[in-house]
Amino acid sequence: MREVRKFKKHLLLSLYLCGFGFAPMTYASILDYQDLILEGQSLTFNEKYAEAQEKFKSLIGNEPESPAGYFYLAMVYQARMKDLESDLYEKEFRQNLNKVIELTKPKEEKKTADKWELLFLGNAYGSLAYFQTKRGSWFSGFKLAKKAKGALEKALEQDSLFYEACFGLGSYHYWKSVATKFINWLPFIGDHRQKGIQQLQLASEKAVFFQEPAKMGLMWIYYREKSYPLALELASTLQEKYPESKVPLWAKAFIYYEKYDWKSCLLALDELEERLLRTQKDNYYNFIEVNFLKANCHYNLGHKKICLKICEEILNYPLDKKTAERQKEKISKTKKLREKCLK
């Protein structure tokens, strides 16, 4: 009888633990797909989007109950939209992130989600938050960001050395502090930019899957904080590792422009324009971004004739209504710059 009672006790304990997140997953561990995910991520950074999509679709085919494939597929669509400065793939982006939430939120609510599931849930909320705030929906963006923070903190509670979660938490702490700068003197708000930077630095050094995204994030943060040497160092590192990526080139152009290094800025902009002509020849939004900076560089170097020519080129782009509206401020500034050249 004692052995029977002992067996029942162990059985009940096992069932109890299964109910609180210690049951084995019904799909393979994400680490079993480490090579596939990192290869797909590298393809995404190198702007080989179709190939990256196939990688992550194969992951979904192999592990349809895992949130990983859906999350990374959404990140490919997000990267494409950022590259094009377009919402062309919003439907696919949202569908895949909603699938991540559908697979993981019930487990979070039942406290059965493991750290990886919480990681993808948190980053799905975070990606949707970024998208909402970029479109001006600040309230819904903040709500989603708060959910992201909650899920990622739960992941760290399970494993305090889970550096993957530091990417999302670092991004949250830094950018929330930036967004609430005008009231962060209040005790319940605070300025957590340095905490965010430290968490991103940890992820950039020790994470497996979020090491490179953390470096990308830090590059832009260093630029914003005017830590130009650090930003340039990261931009050069990322450019060397992902030679087909335009992101480090954009960063270099903006950094050199802020440093009044007009000649170095022009070199980066010339390379960007060549890439755009090769891959996005009808993307006038991005051409305006590049050539507006080029015109200003030439003006500051005293090259008024070249500046005037670039201004005329910008003002003659056949813009659709949406692009014209989004770029109306730069169009207005281009007209003023042209007038300065004519004086």
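1. Ground rules. This is a predicted model, so local features need pLDDT of at least 70 and side-chain atom pairs count only at pLDDT 80 or more, while totals for chains, interfaces and linings use all residues. Residues are numbered from 1 along each chain as its sequence is written, and side-chain values use heavy atoms, with hydrogens and water left out.

2. Overall picture. The protein chain has 17 helices and zero strands; these are DSSP runs numbered from the N terminus (helices H or I, at least four residues; strands E, at least two). Of its 343 residues, 47% are buried (under 20% relative accessible area; exposed is over 50%, partly exposed in between; 1.4 Å probe, protein chains only). Among contacts (heavy atoms within 4.5 Å) with a separation of 6 or more, 60% come from residues 24 or more positions apart.

3. H10 against H12. Helix H10 (residues 211-224) packs on helix H12 (residues 247-258) at about 10°, the axes being 10 Å apart. Axes are lines fitted to C-alpha atoms over the stretch in contact, and angles run from 0 to 180 degrees between N-to-C directions. That makes the two helices roughly parallel (under 35 degrees; over 145 is roughly antiparallel, 65 to 115 roughly perpendicular, the rest oblique). H10 contributes Met216, Met219, Trp220 and Tyr223, and H12 residues in the contact include Trp250, Phe254 and Glu258.

4. Arg275. Have a look at this one: Arg275 sits in helix H13 (residues 262-279), and it is buried at 8% relative accessible area. Beyond its neighbours within four places in sequence, Arg275 contacts Pro243, Glu244, Ser245, Lys246, Leu249 and Gln280.

5. Phe71 and Phe120. There are 22 aromatic pairs in the structure (Phe, Tyr and Trp rings, the six-membered one for Trp, with centres within 6.5 Å; planes under 30 degrees apart are stacked, over 60 edge-to-face, the rest tilted). In one of them, Phe71 and Phe120 have ring centres 5.5 Å apart and planes at 50°, so the pair is tilted. Phe71 is in helix H4 (residues 67-84) and Phe120 in helix H6 (residues 115-134), so the pair ties together parts 49 residues apart in sequence. Phe71 is buried at 2% relative accessibility, and Phe120 is buried at 2%.

6. Trp138 and Phe142. Here the ring centres are 6.2 Å apart with planes at 40°, so this pair is tilted. Both residues lie in helix H7 (residues 138-158), four residues apart, about one turn of the helix. Trp138 is partly exposed at 47%, and Phe142 is partly exposed at 31%.
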